[in-house]
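Have a look at the model first, then read on.

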Amino acid sequence: MEYVWLQDEFVKRENARISFEDRGYYFGDGIYEVVRVYNGSPFLLTEHFERFQRSADELDIPLPYPLPKIKDIVTELVIKNKLENGYVYVQMTRGLQEREHLYTRDLTAILTAFTKTVEIPFDKQQNGISLLALEDIRWLRCDIKTINLLGNIMAKRKAEDNHCDEALQHRDSTVTEGSSSNAFIVQNGTLYTHPANHYILNGITRQFVLQLARKIGIPAEEKAFTLDDLALADEMFMTGTTTEILPVVSVKGSVQATFKPGPVTRELQKLFRETASR
Ligand code: PDD
């Protein structure tokens, strides 16, 4: 039997009902987090919920309960559902209101959460993935982890339609990020990734990988790279909560490039696995 969190309680998944008047449903007016679970424990929970708080603040959505209670709900849901390896999805919408662009400030945010079993994609981690490079058509607050993900899902669909595993979005020639992952290149031993500004989501895995790199003396710069830079890069990889570090072996679309999973990617993957499975 599986439970979900709905508003103020754990309910059986099959009994969970969402209101018609939820602003998340009308406007995509809400935020979310996806937290990895390894061997029954949530990974980087604090970091995820710092970002959750930030997204809520940026969108002027008051949390329905203090942050520690939300973290407790996540931990309890993992236990209740006996989740070993997978993730917890936590979503918060602004609340219930008749459809009206202007939100009122008297709403109570609706918190929902579910768990899902997901294995680590060892095959892709070993063999790499393909990317479709395409124009980033999203809004200019990609730093907020909103549930409004139309640009991202359009990009993901196009990638799949072109037999690619993930999208690689770019604004003019500057590479921003994937549809649900951050992009890194390695050039002459230095790691480059887009700075954490309003053009990208500041991935928790991205931040963790930057920390790991600095810890083992790999120079890492939060500096944007262009499509042209891909031709000069020695390695490329993508990061995300469910996938960890995936080497890129080919890029097509706006630019063509091929790579082999290289030593820097392999070292970071190894270190990531060691840390996560501890
Ligand atoms: N997506 N960029 C975007 C646009 C994302 O949606 C995600 C994560 C990332 C990577 O962030 P993190 O390392 O914190 O997972 C980057 C999640 C996993 C999702 O939507 O399912």
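Between domain 1 and domain 2 there are 11 residue pairs in polar contact, both residues at pLDDT 80 or more; a polar contact is a pair of N or O atoms within 3.5 Å, where within protein one must be able to donate a hydrogen and the other to accept it, and residues adjacent in sequence count only if both atoms are side-chain atoms. Keep in mind that this is a predicted model, with local features needing pLDDT of at least 70, side-chain atom pairs counting only at pLDDT 80 or more, and totals for chains, interfaces and linings using all residues. Residues are numbered from 1 along each chain as its sequence is written, and side-chain values use heavy atoms, with hydrogens and water left out.

**The domain 1 side**

**Domain layout and contact**
- The domain assignment, automatic or from a database, gives domain 1 (3–117) and domain 2 (122–276).
- Their centres, taken over C-alpha atoms, are 26 Å apart.

**Salt bridges**
- Two salt bridges link domain 1 and domain 2 (a side-chain nitrogen of Lys or Arg within 4 Å of a carboxyl oxygen of Asp or Glu).
- Arg 141 pairs with Glu 58 in a salt bridge, with 2.9 Å between the closest N and O atoms.
- Arg 51 forms a salt bridge with Glu 33, the closest N and O atoms being 2.8 Å apart.
- Since Arg 51 lies in helix H2 and Glu 33 in strand S3, this pair ties together parts that are 18 residues apart in sequence.

**Around the ligand**
- Of the 17 residues around the ligand, Tyr 32, Glu 177, Ile 204, Thr 205 and Thr 241 come nearest (near means a heavy atom within 4 Å).
- Ile 204 has a backbone N or O atom 2.8 Å from a ligand oxygen.
- Thr 205 puts a polar side-chain atom 2.6 Å from an oxygen atom of the ligand, and for Thr 241 that distance is 2.5 Å.

Definitions and conventions: Helices (H or I, at least four residues) and strands (E, at least two) are DSSP runs, numbered from the N terminus.
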